[in-house]
Amino acid sequence: MLKGIEDINYQEVMEYSLEPIILHTDYKILYINKAAEEFFRTDKESVIGVSPLDIFKESSKGAIKRRIQSAYDSPAAVIEETIYRMDKTTVTVELYCHPVMLGENNKAIQSYIRDITIRKESEKKQEDMLQEINELSATIVPIMSNIAILPLTGNICEDKAGMILEIIPEKVKDQALKYLIIDFSGVYRLDDVVIDSLFKIIHVLSLLGVQAVLTGLRPEMAIEATKLGINLSDVPTLASVKDALVHLGIH
């Protein structure tokens, strides 16, 4: 039975941690746990004695070296860095390190590594989507003082449809439009959730006093809208932007 925390075997705690851990001192690796072996695609014997600086890009080594020196006295802040695995593949990680005592007089650094590749990919996807939406909002093409065209293009996912729903009504309001022609002819893939989101724009526009006019709506999209209970009877739906302009009295 444990008498106190001093009875815990901390090497076992490190070994079975789910996060990769490296123990190093004087720029030499003393120990890595099982999660680090798997993460770096190596084994303990291959890295013991190797410099921890070797996993970093050359341009980062100076800053990392200074960081390691400071961590002998106090924990270093969490940072993001790109590091190398043993097979030379790179991965973006969060790094955290703090000092530990080896015996009574020797200090070492315990470093924790967290793979944030999925998070960074998600952030990049969100940034790309924001850029697309900003570009899209900039492509509300004015035809007359109160009429404009919104050309939708490419693959519209659920997130993108949601952002369109959030941004476009505000843009339309700012331009004091009376009619907005929404052209679907450049859209090549939609699912039912996305169709539902996009057609909500029509309702929001009507609340703002703006009449939506749909063009380029393929038959399958119209059928799916009907299945979803979307009533298009009051929404002008035409084959092309040219037809929409004629409908609105612009020849």
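Predicted model: local features only at pLDDT ≥ 70, side-chain atom pairs only at ≥ 80, totals over all residues.
The lining consists of Phe199, Ile202, His203, Ser206, Val210, Gln211, Ala212, Ile230, Asn231, Leu232, Asp234 and Val235. By class, seven of these residues are nonpolar, four are polar and one is charged.

Helix H7 (residues 192-207) also packs against helix H6 (residues 158-174), with the two axes 8 Å apart and at an angle of about 10°. Angles under 35 degrees count as roughly parallel, and H6 and H7 are therefore roughly parallel to each other. On the H6 side, the contact is formed by Glu158, Ala161, Ile164, Leu165, Pro169 and Val172. Their partners in H7 are Val193, Val194, Ser197, Leu198, Lys200, Ile201, Val204 and Leu205. The contact of H6 with H7 comprises eleven nonpolar residues, one polar residue and two charged residues.

Across the whole structure, three cavities of 30 Å³ or more were found. The largest cavity holds about 140 Å³ of space. Its lining is made up of 13 residues, of which His24, Phe56, Ile68, Leu95 and Ser111 are the closest to the cavity centre. Strand S1 (21-25), helix H4 (61-71), strand S4 (90-102) and strand S5 (106-115) are the elements that each give two or more residues to this lining. Ten residues of the lining are nonpolar, two are polar and one is charged.

The second largest cavity contains about 50 Å³ of space. Ile22, Ile29, Ile32, Phe40, Thr42, Val47, Ile55 and Met86 form its lining. Seven of the lining residues are nonpolar and one is polar, with no charged residues.

A total of 14 salt bridges is present in the structure. One of them joins the side chains of Glu19 and Arg114, with an N to O distance of 2.5 Å. This pair connects distant parts of the chain, the two residues being 95 residues apart. Glu19 lies in the loop between helix H1 (10-15) and S1, whereas Arg114 belongs to strand S5. Strands S1 and S5 are also among the elements that give two or more residues to the lining of the largest cavity.

Definitions and conventions: Residues numbered from 1 in each chain as written. Heavy atoms only, no water. 1 Å grid on protein atoms, 1.4 Å probe; cavity = no way out; pocket = protein on both sides within 12 Å on 5 of 7 lines; lining within 4 Å. Points joined across faces, edges and corners; volume = space filled by probe spheres on them. Helix = DSSP H or I, 4+ residues; strand = E, 2+ residues; numbered from the N terminus. Nonpolar A, V, L, I, M, F, W, Y, C, P; charged D, E, K, R; others polar. Axes fitted to C-alpha atoms, helices over the stretch in contact; angles between N-to-C directions. Parallel < 35°, antiparallel > 145°, perpendicular 65-115°, else oblique. Contact = heavy atoms within 4.5 Å. Salt bridge = Lys/Arg side-chain N within 4 Å of Asp/Glu carboxyl O.
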